[in-house]
Structures are given as C-alpha cells and as structure tokens.
Amino acid sequence: MAQKVRVIPPTINRTTAVPVGKVAKRKVAAYARVSTDQEEQLTSYEAQVSYYTDFIQANDDWKFVKVYTDEGVTGTSTKHREGFQEMIEDALAGKIDLIVTKSVSRFARNTVDSLTNIRLLKEHGTEVYFEKESIWSFDSKGELLLTIMSSLAQEESRSISENVRWGQRKKFSDGRYSLNYRHFLGYDKGEDGKLVINPEQAEIVRQIFGMYLEGASPYQIAKRLTEKGIPSPAGKPQWNDLTIRRVLSNETYMGDKLLQKTYSLDFLHKDRLKNNGEVQQYYVEGDHEAIIPPRTFKRVQHEIERRKSCHATGGTIFSGKIVCGQCGQIYGPKVWHPKDKYRRVIWQCNDKYRKNGTPRCKTPHLTEEQVKETFLKVCARIYSEKDEIIDNLRMLLSAVEDTAAMQAEADRLSGELDVISEMLQREIDQNARVAQDQDAYTQRFTELSARFAEVQAAKDKTDAAIAEKESKGLQIRTFIEAIEELPADLTEFRSDLWADLVETATVQQDNTIRYRLYSGQEITVRIG
C-alpha cells in the first residue's frame, strides 16, 4: 500500500499565541534614548518620542503601548537604564509584542547586552524592529545582522572612549581639569577658570582642620558642624565622617591639585575605580591660592597616619600619645562619678584592670591639668637649650633630606620596569601574530614576569624609604619652626605646640612622665 503524507497546517501563531486567521492588533512600544543632557540632544530626544508615538498610532494593525525612554545615560551598558529595564520587564510580562527603536546603537552599544536581551525577548514572543538598519529580530537573517551591527556600534563606542581618554590625559598634562563646584567646599570658579577662595566656606574648612589638630575625630567634627546648622558641601543639613575625611586629605586646600585620582576599567564599565597606581597621575604644585598652609596640611596628614598606627580614634589632643610605661598600652579618658557633683575626667592605662577588677598596672592615673603642667615644664627645658637643639637638628635635617642617591636608584628601577614591560608586550604581540613553541614562549614570559615582580618590589621598597625620609624631614622642620616661635615665659598650654613637639608621653611608675619629642630627644619630668 502506497504511503500517504497529509500536511496539518498550524492553528496558533507561535510568537503571539493568537489563533491563525484571527485578526489581532500587535501591542507595540518604542524605545528612545539620548546619551547626554545637552540642549541639542534633548531636542533629539523629544523628537524621537513624538515621532514614534505618531508612527505607531498611524498603523491600524498596531496598538500603541508606550514610548519607553532614557534621558542623559550611556548606551554601553543596560544596567543603569531604568526605562530600558522597565520595557524588558513589561515585554516579559506579555504587555508588548513588538518594540520599535531608531537603531542598533540606540538599543545598546554592548554586543553581549544587545544579543542577550534580543534573544530573551524572542523567547517570550517579543520582536524588535530597528528602523535605521531595517532589521526585524524574528527574521532568519536578523540575528546575524544584529551581531554585525552591534559589534560595529561597540567598536564605535570604544573609539569614542579612547578619544575622550586621550583628551583627558592631554588636559591633565597641561594642568587643566574640571571640578564640580556645587559640591566642593571652599572654592568658586573664577573668571579665568581657576579656583577662587569662597571666604565663608573657607572659614568652615579652616575650622575642620583646626578641630582635627586639637584632637577631634572626623565623627566629632561632623557632629559639631551639624549642630551648628552649617550645610554640608552637598547642601545637606547632616554631615558625616566620610565627608570630613575627604576634606582633611584633599591636597586642593593647600593650593596643589592631584589629577586622575580615579579611572574607569574600560569603555564598557563606567564605574569609577580608585587609582592606586594603575594609571598615570599628574600633580600640579601651586595651582591656586591655598586655604590651608602647606605646613598645616602636612601636619594633618602626619596626624592621620599617627592615629592609624596607634589605633587612636581622636577626641582630644592627648588621644594616642599618652602611653603606659609598664605594659605599653595607650592611656584613655575615663569618667569618675559621672552622675554627681564629683564628676571628673581622668586618664589611665586602658589595660589597667583585669576582668576581676584587680590592677594589672601600677602606673598612676592623670588629669588633663597634670599633663598640661608637665608639658609646660618640657617647653621650659627646651627653651633653655633652644639654640643648641636647633643647630643639632639642622645638621640632622641636611642628612635626612639628602635622598639624591635613593632617587637615582628609584629612577633606574623605573627605567628597568619600562624595558621589561616593553619586552613582555613584544612577547605577547609576537605570540598573537606568529605560531611558535608555546613551551618556550611560556618560559620566556614567566622569566620576564618574575623579573618584573622582583624589580617592582625593589622600587616599592626604595619609594617607601624616600617617603619615610621625607616624612622625618617634615617632622624636624615642623619641630624647628615650633621651638623658634617658643616664648620664654610660656604659662598656658598650647595644643599646637603639643601636636608639633610631642611624639609620646610615657607615664612611669615613679610618678614621672618621659616625653619623647619628634627631634628624638627625651625629657623626663615629675608629675605634680
């Protein structure tokens, strides 16, 4: 018996789930995006919205859903495009059968994002029409064309990004930069584009630096400014410690400018990363008028590092500097009789008592007045030997600041790193172009990488040694300037002298305090 095959035609549309032959309007939406908020781009944006609204409503077979929009955002990633994400969610929920957009580059400049979303929409029965390229995503040739066009759009975006980066680097090398003045405390933009001091805001900056040098922590400074009703750089009533830390560490306030503090990994990733040496930086000295004298700014940086090293959180000028001579622990403030008329604050070893309450250390507790009195005795001793101390320190300073040999070594190592980097890049390029023995290539690459790591470690060690000598030189210079200004009859405690002169004050069991000064000198005085 002869075989007979009968064709059964489809009865349901596989993409719309509507019975074949039934007239049903397609639910159509449009997507419009511009990548900047400039006026000419906004005009284009409004024109797109108006055009696609009329375009969809003019087709009798289509039912208008909505024009989804993103204004002033980049197309290299769909992550932060709220309009785009809303459109995808609505499509997956069955609210859209067709999406109309201007071009592949308007949809996405990232090949992976573009194809991933188009495939996802296709799986849920939603087609995409790209008007400029006349591509329908359900067409058999659609995905191939989309892959090509998306790759071209991505390459265009990469090229634009590289041009922008080159322009930024050129601008930085010329000492030019842009600044968000609305959120920057202390300066306004001058007529020539340079920073100009805002007197009212500059006074707030000086208060922040002054409070920190007097011992206050960033949290305490933020709290005080909030209580005074002073608005933050962003214009908010509430300050936070992170904002204070940024102010304290910003070299702009001493008249300099460090450029390229952050960078983007590549043109597909727009998040800014902190530049820890991954890309070149530019330091502009004497760029504008300083609010904070360089000496004061550097004192603050030294104080920041000192508090980190001894885990002092701040609070007063004495925090982290008073040490127990028996166990080596830091002295901290303690409140006695906090709820009655005998209330007083004393300083004692943080590790003085065991859990059962028995003393571990026999060093005495101190009042702030006792600390101040002993410090005045130290100042009197320094004044009596003032000329001799200054002469000795100036001889020491010339030796400390002589970093010529170390700098020459650092430059030599930098040159060697550049040579090794070029050799590594040549190996990589050669291996990509010409077939070669991979075992031999791997060995050469491994040897060069190991040499690079070795030289980099030596360079880091040399740089650290130079930085340490420069820091020590700053301490000595600050010390000399402080004792040059030291009055003969100092009778009142001065927090600036304490900060400039005292490295540690070690409390002994015999009721004395051994002061170690930044000059390296030690002076012991009796309490009381």
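In the predicted model, helix α12 passes helix α13 in a left-handed crossing. Helix α12 spans residues 404-433. The axes of α12 and α13 lie 9 Å apart and pack at an angle of about 160 degrees. Angles over 145 degrees count as roughly antiparallel. The two helices, α12 and α13, are therefore roughly antiparallel to each other. By class, the contact of α12 with α13 comprises 16 nonpolar, 8 polar and 8 charged residues.

Helix α13, residues 438-484, also packs with helix α11, residues 386-400. The axes of α11 and α13 come within 10 Å and cross at roughly 160 degrees. That angle makes α11 roughly antiparallel to α13. The crossing of α11 past α13 is left-handed. On the α11 side, the contact involves Lys386, Ile389, Ile390, Leu393, Arg394, Leu396, Leu397, Ala399 and Val400. These residues meet Lys469, Lys472, Gly473, Ile476, Arg477, Phe479, Ile480, Ile483 and Glu484 in α13. By class, the contact of α11 with α13 holds 11 nonpolar, 1 polar and 6 charged residues.

A further site was examined in strand β15. This strand covers residues 502-507 and includes Thr506. Thr506 has a relative accessibility of 10% and so counts as buried, the cut-off being under 20%.

Conventions: Residues are numbered from 1 along each chain as its sequence is written. This is a predicted model: local features need pLDDT of at least 70, side-chain atom pairs count only at pLDDT 80 or more; totals for chains, interfaces and linings use all residues. Side-chain values use heavy atoms; hydrogens and water are left out. Axes are lines fitted to C-alpha atoms, for helices over the stretch in contact, and angles run from 0 to 180 degrees between N-to-C directions. Helices (H or I, at least four residues) and strands (E, at least two) are DSSP runs, numbered from the N terminus. Angles under 35 degrees count as roughly parallel, over 145 as roughly antiparallel, 65 to 115 as roughly perpendicular and the rest as oblique. A crossing is left-handed if the near helix is turned anticlockwise from the far one by less than a right angle, and right-handed if clockwise. Contact means heavy atoms within 4.5 Å. Ala, Val, Leu, Ile, Met, Phe, Trp, Tyr, Cys and Pro count as nonpolar, Asp, Glu, Lys and Arg as charged, and the others, Gly among them, as polar. Buried means under 20% relative accessible area, exposed over 50%, partly exposed in between (1.4 Å probe, protein chains only).
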